[in-house]
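Work through the exercises below with the sequence and the model at hand. Each task is followed by a solution in steps.

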Amino acid sequence: MGRARGSFTVEAALLMTILLPVLIALIYGGFYLHDCAVMQGAACELAAAGSTLAQEPNRQQLLEEKRANLLQGRLLGTRQGQMSLAVSDTEIKVTCRGNFYIPGLISHLLNKDLVSIEKSWTRKLYHPTETIRKIRGLQKLVEAAKG
C-alpha cells in the first residue's frame, strides 16, 4: 500500500509540470485575444464617433478627447497602446497598436517576448443633406399631387 501512494504522488508531480505551463499559456492566450478584441472595438467606436460628428465644426478636438480616454484601463497585457486617427473629407481611419508581453517559459518556447497587435477600422463619411432634401422634395410633390 505504501508504494502505491508514493507512486501517485510522483505521477501527479510529473503531470503538473506539463499541465501548469499549458494552463498558463491558455490564460495568456485569452488575455491576448481579449486585448485584440478591445483594440478592434475601440477602433470601431472611434470611427463611428467620427462619422457621427462629421458635421460638427470642432470634430477633430472631440475625437482627440475621446481617443485619449478610450483604451485607458481596458487592456490586460498590452503595453504601449496607441491609437492613430486619420480624417479626410470622405473617410475616417483609426488604427490601434500595442505590444503584448509574454512572460517566462512561454516566451522562450516562442522565441519572442513581445507580440505586436495592430487593429484598424475605416468608415466612409456620408453627407445625407442632399438625400434628405430630395426625399422632402418628393414628399412635397406627392402631397401636391394628392391635394
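The exercises go from the whole chain to single residues.

The model is predicted, so local features need pLDDT of at least 70 and side-chain atom pairs count only at pLDDT 80 or more, while totals for chains, interfaces and linings use all residues. Residues are numbered from 1 along each chain as its sequence is written, and side-chain values use heavy atoms, with hydrogens and water left out.

**Exercise 1. Overall form**

Solution. Step 1: helices (H or I, at least four residues) and strands (E, at least two) are DSSP runs, numbered from the N terminus.

Step 1: The box filled by the C-alpha atoms, taken along the principal axes, is roughly 100 × 35 × 20 Å.

Step 2: buried means under 20% relative accessible area, exposed over 50%, and partly exposed in between (1.4 Å probe, protein chains only). Of the 147 residues, 22% count as buried.

**Exercise 2. Aromatic pairs**

Task: Find how many aromatic pairs there are and classify the pair of Tyr-32 and Phe-100.

Solution. Step 1: rings of Phe, Tyr and Trp (its six-membered ring) pair if their centres lie within 6.5 Å; planes under 30 degrees apart count as stacked, over 60 as edge-to-face and the rest as tilted. The count comes to 2 aromatic pairs.

Step 1: Tyr-28 and Phe-31 have ring centres 5.6 Å apart and planes at 75°, so this pair is edge-to-face. Both residues lie in helix 1, 3 residues apart, about one turn of the helix. Tyr-28 is partly exposed at 28%, and Phe-31 is partly exposed at 31%.

Step 2: for Tyr-32 and Phe-100 the centres are 5.5 Å apart and the planes are at 75°, so this pair is edge-to-face. Tyr-32 belongs to helix 1 and Phe-100 to strand 2 (residues 91-101), so the pair ties together parts that are 68 residues apart in sequence. Tyr-32 is partly exposed at 27% relative accessibility, whereas Phe-100 is buried at 2%.

**Exercise 3. The end of a helix**

Task: Determine which residues Ser-51 is in contact with, leaving aside its neighbours within four places in sequence.

Solution. Step 1: Ser-51 is found in helix 1 (residues 2-52). Its relative accessibility is 18%, so Ser-51 counts as buried.

Step 1: contact means heavy atoms within 4.5 Å. With those neighbours set aside, Ser-51 is in contact with Arg-123, Lys-124 and Leu-125.

**Exercise 4. A positive phi**

Task: Say where Gln-80 lies and whether Gln-80 is buried or exposed.

Solution. Step 1: most residues other than glycine have a negative phi. Gln-80 is not a glycine, yet has a positive phi of about 55°.

Step 1: Gln-80 lies in strand 1 (residues 78-87). At 59% relative accessibility, Gln-80 counts as exposed.
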